[in-house]
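Please read them with the structure open.

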Amino acid sequence: MSHKTNVIYVVENGQQEFDLAIPYLDRNHIKVSVNGVIPNFTWVSASRLRLTFPTPDGSIVRIRRETPIDRPLVEFSNSSNLTQEELNRAYLHTLYRQQEQDDFIVGSLEAGMVRLGEQLGVVTDPDAIVDEVVRISEIGDAAYARLQASIASIDLNAGRIIDHTLQLTNQAFRLTNLAGVVDALANLEDGTGLATVIQNEAQARLDGDAALVDTFALLGAKSADNLSFVLDLAKIKASPTETMAQKFNAIYAANDDALSLIQDERTARVTAIDAVTQTLQTQGSQIGANQSAIANEATTRATAISAEAAARNALSAKIANDIAAAVLTETNARAAADSAEAQARQSLAVTVGQNSTAIQNESTARSTLAGSIAQQFAILGAFRNGQTAFVLDLNRVETSAGVSLGYRLSGIDTSINGVSASVTNEQTARVQGDQALSQSITNVQNTVNGHTGSITTLSQVTNGLNTRYGVSLNSNGHVTGFLMNNNGHSGQFAVVADYFSVTAPNGGVPVQPFIVSAGRARFNGNVDIYGDLFVDGTITTRKMGDNSVTRIDSVSMAGWRYGNNVKQNAITYTIDLPYAAKLICLATGTQSYTNNERAWHFDISVNGVAVTGVGGSGARTDSVSTSGYSNLGAGQHTVTINWLGGDSTLRLVACNLIVLAVYK
């Protein structure tokens with residue numbers, strides 16, 4: 001039967017996964033090399049490996065099995081049970097190691113014979129073949145010693161195989177006497193056999209069932225219809241000294257006592273209620289007698305009140321008759337006097353009415369004239385200084401239609417053959433109540449061939465607080481200029497222009513460091529910002545220096561990871577990049593050992609693609625770190641840290657990930 005202890009692949013098309021057509025007892029017995037260098041790899045399945053990092057096409061990948069012989073994989077002891085798995089594992093340990101030694105020797109001999117044929121031609125002397133193999137393969141004395149040791153190991157392995165064969169034969173003999181073996185294995189300290197133990201256990205089970213039946217018999221029995229269970233209250237106890245029947249009888253007796261007390265209380269309550277009823281009846285009789293006395297007193301009081309009312313009516317009638325006669329006499333006298341006075345007043349009214357008509361007519365005419373004069377004076381102006389002076393309103397007094405006296409006095413107006421030019425200066429000073437206005441408006445304007453241009457300057461102070469100054473340039477309706485406002489708390493400076501710039505003389509060579517044109521601001525020079533810059537729009541990176549815009553994120557591992565020779569996830573982090581960026585990942589970890597050194601591996605992947613990794617075996621490594629980067633587009637990306645430990649004696653107790661996104 002042929003066997004295989006190693007396989008060789010030639011990498012093509014970036015291949016990273018390789019099948020393992022080699023039987024093995026433990027994954028640690030599989031060794032991988034790429035061009036003679038040990039790489040980092042992971043297990044895809046029990047028969048497939050994957051290199052962590054891609055290798056160039058044409059690379060030689062060798063996968064071989066190396067079964068250790070420094071210690072046995074299975075140890076047997078007296079009186080132990082021999083299982084098929086343990087026997088097979090012990091046998092395969094020796095077989096695999098012998099196959100590996102065989103492949104090594106055959107390979108060395110074949111290489112030696114090839115070189116020997118190239119050097120000496122056909123040779124049949126075994127000693128010459130061995131000497132030439134040792135000499136040509138350049139393995140020297142060490143290789144020769146290893147060859148001799150391998151031969152000795154083969155002899156030793158053959159001896160162990162014979163021993164195992166004898167053990168298997170002995171085991172078959174023991175299996176033919178299974179009953180005796182079982183009794184021997186189940187032998188107790190007192191020499192009782194397994195069959196006896198089983199019989200005793202069956203008897204104990206029967207005894208237990210009988211005890212259970214006795215217990216149920218003490219509790220009671222099923223009802224005649226088999227639908228319920230009737231307790232035997234005389235046998236069931238509520239306490240060590242009292243049965244359930246005694247307990248219930250005590251409860252019934254206590255209940256009877258309570259009923260007797262309730263009956264006594266009811267009788268006493270009825271007696272008390274009867275006494276209260278008798279008392280109420282006695283009090284009712286007394287109230288009836290009182291009601292009769294009260295009725296008599298009411299009748300007497302009504303008679304007295306009626307007599308008093310009659311006396312009052314008689315007195316009122318007498319007083320009314322006497323007063324009425326006196327009032328009538330006084331009324332007649334007053335009526336005669338009033339009639340005489342009315343006649344006199346009527347005569348006087350006729351005379352006054354004749355004069356009041358003339359007075360009313362004169363008052364109406366005077367009021368109309370005064371109103372007309374007041375309106376005219378209001379248009380002209382107003383008095384001041386206690387009416388010692390009159391101030392004309394130059395804006396309302398016109399020298400001609402549409403031309404005010406103020407405009408005429410303050411401006412220059414010239415017009416010849418459709419060409420006009422004017423300079424107007426309007427000044428206003430006004431005080432009204434607690435408000436004041438000081439204002440000066442200067443307007444320079446001319447018109448030529450239908451084109452009109454003007455410059456207006458405004459200077460204004462209102463209420464001693466609000467100040468305003470502005471200049472407006474109007475050319476055929478296209479207006480530019482500036483306006484400044486100050487209210488004592490804040491000021492405003494607004495410029496209306498299609499092109500605005502700040503110019504420095506620069507020694508006769510003007511420089512414009514700041515320009516606003518077509519709605520865009522431009523800086524022609526260095527810009528120093530001593531504070532925060534807030535941007536609501538978009539900042540492009542066309543002129544930014546490399547690595548000038550960065551973003552830092554960090555995350556730590558939760559809990560510990562225990563090695564099981566399988567890659568485990570330590571950290572998974574998702575980052576959302578608004579722009580394309582170079583993503584730099586830095587990972588650190590702390591490992592803890594509780595036993596001998598074990599193999600380990602630590603790597604970083606971005607979107608499932610490994611970007612860096614580090615690993616080792618042998619010497620303990622407490623602190624590990626690695627870093628890598630990947631150029632990514634905008635969007636969400638996933639960064640993962642994976643860790644592999646040889647077994648549970650190696651643990652990852654801390655892990656940190658720092659992600660640095662470099663946008664520009």
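1. The largest pocket holds about 1000 Å³ of space. A pocket here is an open set of points on a 1 Å grid over the protein atoms alone, where a 1.4 Å probe fits, with protein on both sides within 12 Å along at least five of seven lines; lining residues have an atom within 4 Å of a point. Grid points are joined across faces, edges and corners, and the volume is the space filled by probe spheres set on the points. Among the 31 lining residues, N28, I30, K31, A599 and S617 are the closest to the centre of the pocket.

2. This is a predicted model, in which local features need pLDDT of at least 70 and side-chain atom pairs count only at pLDDT 80 or more, while totals for chains, interfaces and linings use all residues. Residues are numbered from 1 along each chain as its sequence is written, and side-chain values use heavy atoms, with hydrogens and water left out.

3. At least two residues of the pocket lining come from each of β3, β4 (41-45), β29 (600-606) and β30 (609-616). Strands are DSSP runs of E, at least two residues, numbered from the N terminus. β3 gives the most, three residues. By type the lining has 11 nonpolar, 10 polar and 10 charged residues; Ala, Val, Leu, Ile, Met, Phe, Trp, Tyr, Cys and Pro count as nonpolar, Asp, Glu, Lys and Arg as charged, and the others, Gly among them, as polar.

4. S33 is in β3 (residues 30-34). S33 is buried, at a relative accessible area of 18%; buried means under 20%, exposed over 50% and partly exposed in between (1.4 Å probe, protein chains only). Leaving out residues up to four places away in sequence, S33 touches P39, I60, V61 and R62, a contact being heavy atoms within 4.5 Å.

5. The largest nonpolar core has 27 residues, of which L583, F602, I641, C655 and L657 touch the most other members. Such a core is a set of buried Ala, Val, Leu, Ile, Met, Phe, Trp, Tyr and Cys residues joined through side-chain atoms within 4.5 Å. β33 supplies the largest share of this core, six residues. Another core, of 13 residues, lies apart from it and includes I22, W43, L51 and V61.

6. Two loop residues deserve a check of phi. N449, in the loop between β17 (435-448) and β18 (451-462), has a positive phi near 55° and is exposed, at 69% relative accessible area. N476, between β19 (466-475) and β20 (478-486), also has a positive phi near 55°, but is partly exposed at 47%. Most residues other than glycine have a negative phi.

How values were computed
Helix = DSSP H or I, 4+ residues; strand = E, 2+ residues; numbered from the N terminus.
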